[in-house]
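Here is a fold to look through together, one question at a time. Have the view open as you read.

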Amino acid sequence: MTDEIGALVAQIENDVAKARERAAARANARHVEPIEPGLGTVTVAGTGELTAVDLDRAGLKRSTGSALAAAVLAAVRKAEEKANG
C-alpha cells in the first residue's frame, strides 16, 4: 500500500511539473499575424495579451481608417485564436 501511494505521489508530482512547463512555454510564446493587405503586423503573447501593433507607413496610404481598423481587428482575432490553441 505504501509503495502504491509513493508511486501515485511521484506520478502527480511529474504531472504537475509537466503542466508548469507547458504553462511557461505558452506564456513565453508570441504569435505574429499580418495585417492584410500588407498593412503591418500584430503580436499577441501566448496568454492572449496584445503586445504590439506595427503598421507599415507605406501601406497606410492605401487604406481608410475604417478599413485599417477592420484589418487590425481581424489580425488580432487570428493571433488570439492561435494563442488560445
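Predicted model: local features only at pLDDT ≥ 70, side-chain atom pairs only at ≥ 80, totals over all residues.

Residues are numbered from 1 along each chain as its sequence is written, and side-chain values use heavy atoms, with hydrogens and water left out.

Reader: In what order do the three strands form the open sheet?
Author: Strands here are DSSP runs (E, at least two residues) and helices are runs of H or I with at least four, numbered from the N terminus. Two strands pair if DSSP finds at least two bridges between them. The pairing is antiparallel, and the order is 1-2-3.

Reader: How many bridges join strand 2 to strand 3?
Author: Strand 2 (residues 40-45) also pairs with strand 1, over six bridges. With strand 3, strand 2 runs antiparallel, and the number of bridges is five.

Reader: Why is strand 2 largely enclosed by the rest of the structure?
Author: Buried means under 20% relative accessible area, exposed over 50%, and partly exposed in between (1.4 Å probe, protein chains only). Strand 2 is largely enclosed because, of its six residues, the number buried is five.

Reader: Which residue in the turn between strand 1 and strand 2 has a positive phi?
Author: These strands form a hairpin with four residues between them. The phi is about 70 degrees, and the residue is glycine 38.
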